[in-house]
Amino acid sequence: MEVPRLDRALNSPTSPCEEVIKNLSLEAIQLCDRDGSPTYRILPSVNRGNKSQDSGIAEMEELPVPHNIKISNITCDSFKISWEMDSKSKDRITHYFIDLNKKENKNSNKFKHKDVPTKLVAKAVPLPMTVRGHWFLSPRTEYTVAVQTASKQVDGDYVVSEWSEIIEFCTADYSKVHLTQLLEKAEVIAGRMLKFSVFYRNQHKEYFDYIREHHGNAMQPSVKDNSGSHGSPISGKLEGIFFSCSTEFNTGKPPQDSPYGRYRFEIAAEKLFNPNTNLYFGDFYCMYTAYHYVILVIAPVGSPGDEFCKQRLPQLNSKDNKFLTCTEEDGVLVYHHAQDVILEVIYTDPVDLSLGTVAEITGHQLMSLSTANAKKDPSCKTCNISVGR
């Protein structure tokens, strides 16, 4: 693919600092064909310089300005873009310049290093085109995009149109394909299976008092926080109740320490996980430590939570998977959990306290182990996949 020679600068309509593109290397844009549509893959090999009055790019009113920009087929790390143009001088267009930036967050830390804007240079081809690049596109993230047309001259420089209007869009969550990739990575380190018999949930005494007084003794599902992978489709959307099932290796019983409170609700495993429930894989992450977490979802068959998960999450075989199993032996349900990952189990329906017991634990409250709104380590090779973090 031909690459433009940008001797000086190209101003950006969406960058507050008028970032520029300079000396774009051959690796910066890669042309691919997917389903008959041209695809331009973004790769991190763009060098940028400062604005200069002596620019090798000149504005030319005769070139049509893109308008009515449409963004479609949005995924967590790609999107299709198309636009309309006047027919005047359309045949002179040789390239499109696309300016892509993360939308400015007014509440962000002003001392944080700003994301570097991304400038794409693509040959003029039939629209729509697909922009794909996990180095620059992150899931569930708002972006702005603008376009201008360009005509390459015999001396290698370009004349360009004015920039189009600025369009905003938001990338999508991980798809089932991406979650299956996470699932496969989690399976590698899950380890052997240990037997267990109860699910448990730790909270402060005030939590259980509130449940008894205001919710008729039934713990209610709440919206999951934003802990884990940024692209997880359950974060901020799925309603459920968090439970644990990990056991101590030497006793086979739940640990006496907890990061969430000194009071523990315990419930027999068969009350939540049985042949009338479905099991789903939700996420795999770590928090800059050696511990890795797997989020699983248990949903009663046909419940709203079950319907939500069917559309978004990989379903697991409850009798045969690497994380959490329910099998029958001599007419009795038997339960096992993975030893080498910490399981966070979300149950999607209300749970009445009368189905189990509440008692104070004898151990410590280890706040440092809390995963509430925990951010995933984007550099961990064990639990990341090659899409936006």
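Q: How many residues separate β18 and β19 in their hairpin, and which turn residue has a positive phi?
A: Start with the terms. Strands (E, at least two residues) and helices (H or I, at least four) are DSSP runs, numbered from the N terminus. Two strands pair if DSSP finds at least two bridges between them. Here, five residues lie between β18 and β19. Tyr-288, in the turn, has a positive phi of about 65°.

Q: What should I know about the model first?
A: It is a predicted model, where local features need pLDDT of at least 70, side-chain atom pairs count only at pLDDT 80 or more, and totals for chains, interfaces and linings use all residues. Residues are numbered from 1 along each chain as its sequence is written, and side-chain values use heavy atoms, with hydrogens and water left out.

Q: How many helices and strands does the protein chain have?
A: The chain has four helices and 25 strands. Contact means heavy atoms within 4.5 Å. Among contacts between residues at least 6 apart in sequence, 75% join residues at least 24 apart.

Q: How do β18 and β19 pair, parallel or antiparallel?
A: β18 (residues 277-286) and β19 are antiparallel, with nine bridges.

Q: In which sense do β19 and β23 run, and how many bridges join them?
A: β19 and β23 run parallel, joined by six bridges. Val-297 has Ile-346 of β23 as its bridge partner.

Q: How many residues of β19 are buried?
A: Buried means under 20% relative accessible area, exposed over 50%, and partly exposed in between (1.4 Å probe, protein chains only). In β19 (residues 292-300), nine of the nine residues are buried, so the strand is largely enclosed by the rest of the structure. His-292, Val-294, Leu-296, Ile-298 and Pro-300 point one way. Tyr-293, Ile-295, Val-297 and Ala-299 point the other way. Both sets are buried. Across the 389 residues of the chain, 48% are buried.

Q: Where is Arg-132, and is it buried or exposed?
A: Arg-132 sits in strand β8 (residues 129-132). It counts as buried, because its relative accessibility is 17%. Phe-79 is 53 residues from Arg-132 along the chain, yet their C-alpha atoms are separated by 6.7 Å.

Q: What is the strand order in the open sheet that contains β17?
A: The order is β13-β17-β25, and the pairing is antiparallel. The edge strands are β13 and β25 (356-360), each pairing on one side only. From one strand to the next, the twist averages 20°.

Q: Which residues help me trace β17 against its neighbours?
A: Take β13 first. Six bridges join it to β17 (residues 263-268). Gln-203 has Tyr-263 as its bridge partner, and Tyr-200 has Glu-266. On the β25 side there are five bridges. There, Arg-264 stands opposite Ala-359.

Q: Which helix packs on this sheet?
A: Axes are lines fitted to C-alpha atoms, for helices over the stretch in contact; angles run from 0 to 180 degrees between N-to-C directions. The helix is α2, which touches β13, β17 and β25. Its direction makes about 105° with that of β13.

Q: What is the order of the sheet that contains β12?
A: This open sheet of three strands runs β12-β22-β21, with antiparallel pairing. β12 (193-196) and β21 (324-329) each have a single partner strand, so one side of each is left without a neighbour in the sheet. Neighbouring strands are turned by 35° against each other on average, direction ignored. Six bridges link β21 and β22. Among the pairs, Thr-327 has Val-334 of β22 as its bridge partner.

Q: What is the volume of the second largest pocket?
A: Rolling a probe the size of a water molecule over the atoms shows where empty space is left. On a 1 Å grid over the protein atoms alone, a pocket is an open set of points where a 1.4 Å probe fits, with protein on both sides within 12 Å along at least five of seven lines; lining residues have an atom within 4 Å of a point. Points are joined across faces, edges and corners, and a volume is the space filled by probe spheres set on them. This pocket has a volume of about 1,100 Å³.

Q: Which residues lie nearest the centre of this second largest pocket?
A: Ser-244, Pro-259, Tyr-260, Ile-342 and Glu-344 do, out of 44 lining residues. Elements that give two or more residues to the lining include α2 (205-214), β13 (198-203), β22 (332-338) and β23 (342-347).
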